Amino acid sequence: MLKGIGVSEGIGIGKALVIESHDIKFDSYAIRSINEELERYHKAVEKFIMRTKEMANNIATNASEKEAEILFGHIIMVKDPYMQGEIESLIKSGQCVEYAVSKICDSFISMFSSVDDELTNQRATDVLDIKNSLLAILLNIEEINLKDAPPETVVVADVLTPSMTSGINSENIVGIITENGGATSHSSIIARALGIPAVLSVDNALQNIKNGDTVIVDGNKGDVIISPNKAAFAEYSKKQLQYIKQRNELKKYKNAPTVTADGDKKLLFCNIASSDDALKAKECTAEGIGLFRTELMFLEKDRLPTEDEQYTEYKRTALTFRHKPVKIRTLDIGGDKIIPYLNIEKEENPYLGNRAIRYCLKQEDIFLTQLRAILRASIYGKIKLMIPLVTCIEEVKAVKKAIETAKEQLKENGKCFEENIEVGIMIETPSAMMIADILAEEVDFFSIGTNDLTQYIMAVDRGNDDVSYLYSAFHPSVIRAIKHIIESGHKAGIPVEMCGEAASDPLMIPLLIAFGLDEFSVSAAVTLKTRRAISKWSKAHAKKVAENVLKMKSEKEIVNYLKQEAESCGSIL
Ligand code: PEP
Ligand code: MG
């Protein structure tokens with residue numbers, strides 16, 4: 001078995017069509033005129049942009065806006081003034097254009113690859129993609145068109161160049177394997193957009209796979225199996241069928257409203273950690289963002305993100321969703337999320353210590369900077385502020401005061417913001433749960449964080465394997481807590497969301513419907529599954545199930561019963 005990066009989901013089984021690596025080797029030559037070389041370079045860039053734009057527009061219209069956006073990113077990269085300047089000055093120093101493109105791209109590739117950060121590493125594969133395409137254009141390398149490949153073909157190549165992929169379609173190409181390329185390369189974008197299973201960055205694929213070999217491509221796991229035996233063939237054929245069935249079933253829920261079986265409307269949001277994630281959320285037709293975890297921006301830097309950097313990220317997300325809600329949670333650090341440059345003192349019990357809003361209320365500068373960034377972005381959409389780990393009313397009042405201070409500061413600087421921005425809190429501590437009625441009077445919405453709520457109610461560290469058998473939201477204590485929070489919110493007339501993992505658990509969904517939860521916020525990967533699961537329950541059925549669950553005494557009994565009920569109504573896919 002060969003290993004690579006699974007960049008496009010699904011299982012493909014077919015015969016290998018090995019495309020020998022393009023020989024993009026060249027010999028440097030003495031140039032005739034600098035201007036001529038510069039013109040060749042600019043023409044190649046123009047051609048690259050034209051082809052990429054065409055491909056991006058095609059993908060945006062026929063398949064996926066998110067994937068198209070990555071391609072537009074390649075155009076921005078090839079036009080990058082610094083990169084262009086470096087290439088031009090090498091040409092001006094007398095080098096031929098092929099050498100200049102190769103040399104400068106290679107230096108960018110090695111710079112991006114040396115950084116210990118996945119996103120930056122991906123930039124390296126983007127530049128490699130650009131370099132190969134520019135060289136192919138410059139050297140007039142005839143590119144292979146895959147339009148005429150026979151049905152059930154698995155393409156094996158060094159990289160998929162743009163022109164090679166223009167004729168690709170999922171009717172004949174059932175899998176893609178390449179030796180190079182990462183998650184943002186052309187190859188992976190095309191594969192995802194067309195729904196073709198793909199594994200990239202497979203070392204020595206061209207050496208190990210022969211034309212006509214039977215190959216299995218497992219795009220979920222990043223595995224490539226060459227000449228499988230009977231048992232493996234049967235196992236993967238079964239998996240393939242299951243996957244196709246699931247995908248077709250879930251397609252029905254794209255762009256569909258989120259409703260229970262008897263037509264009760266719910267809202268289905270996504271949890272995200274960046275404005276890029278927001279594009280994925282939009283792609284899977286989420287109805288907004290129920291939780292923007294802002295920690296990532298702080299974690300991936302070696303310094304605090306500036307107000308402008310944060311503002312740009314929030315604004316981009318707001319614009320992605322326009323009139324749909326985007327709930328931005330203020331910095332939730334501490335516990336398992338450590339930011340080294342903040343030098344937070346090591347604590348005996350970090351989960352019970354200086355976490356989240358407790359930390360922010362003490363670090364006025366950091367908190368006000370984030371509040372100003374969120375407020376400034378609020379004019380671009382329907383941004384709401386969400387506060388993590390609240391335990392008492394004093395915290396809510398202090399947050400409101402800080403928001404007023406941030407507004408004053410913005411006014412002084414002539415900056416615009418949404419005056420009536422909504423402020424909600426996460427209910428994820430037993431204290432907040434017990435005083436939900438008091439807190440509800442002060443805020444615009446609740447969001448139940450079952451990940452922490454379960455940890456604190458069960459007194460079980462959510463990351464400790466030794467006690468993980470106790471970590472379940474199906475304990476009667478947690479279920480009663482959820483019911484109580486939803487009822488308290490509704491008594492005060494505010495909507496209640498759940499953004500913890502339990503919101504997408506098909507076993508929890510009937511209980512949430514029965515208790516009247518208004519909004520579900522889940523990860524992008526399970527959005528359609530959640531919409532489908534909600535559609536399988538009528539309120540009457542869910543209520544009956546919840547009534548029975550509330551009489552039960554143990555987690556095990558509850559889970560077993562919910563499994564039976566979920567199977568009977570087909571809510572588990
Ligand atoms: C939660 O606690 O349920 C939650 C959504 O927050 P996080 O997982 O980020 O702590
Ligand atoms: Mg939490």
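Buried means under 20% relative accessible area, exposed over 50% and partly exposed in between, with a 1.4 Å probe and protein chains only. The model is predicted, so local features need pLDDT of at least 70 and side-chain atom pairs pLDDT 80 or more, while totals for chains, interfaces and linings use all residues. Residues are numbered from 1 along each chain, ligands from 1 in the order in which they are written, and side-chain values use heavy atoms, without hydrogens and water.

**Exercise 1.** Find the protein donors of the magnesium ion, ligand 2, and work out whether Asp-452 is buried or exposed.

*Solution.* 
- Step 1: look for donors (N, O and S atoms within 2.8 Å of the metal, 3.2 Å for Na, K and Ca; water is not among the atoms, so sites may look incomplete). You get Glu-428 (OE) and Asp-452 (OD), 2.1 to 2.2 Å from the ion.
- Step 2: Glu-428 sits in the loop between strand E13 (422–427) and helix H16 (430–434), and Asp-452 in helix H18, 24 residues apart.
- Step 3: check accessibility. Asp-452 has 3%, so it counts as buried; Glu-428 is buried too, at 2%.

Notes: Helix = DSSP H or I, 4+ residues; strand = E, 2+ residues; numbered from the N terminus.
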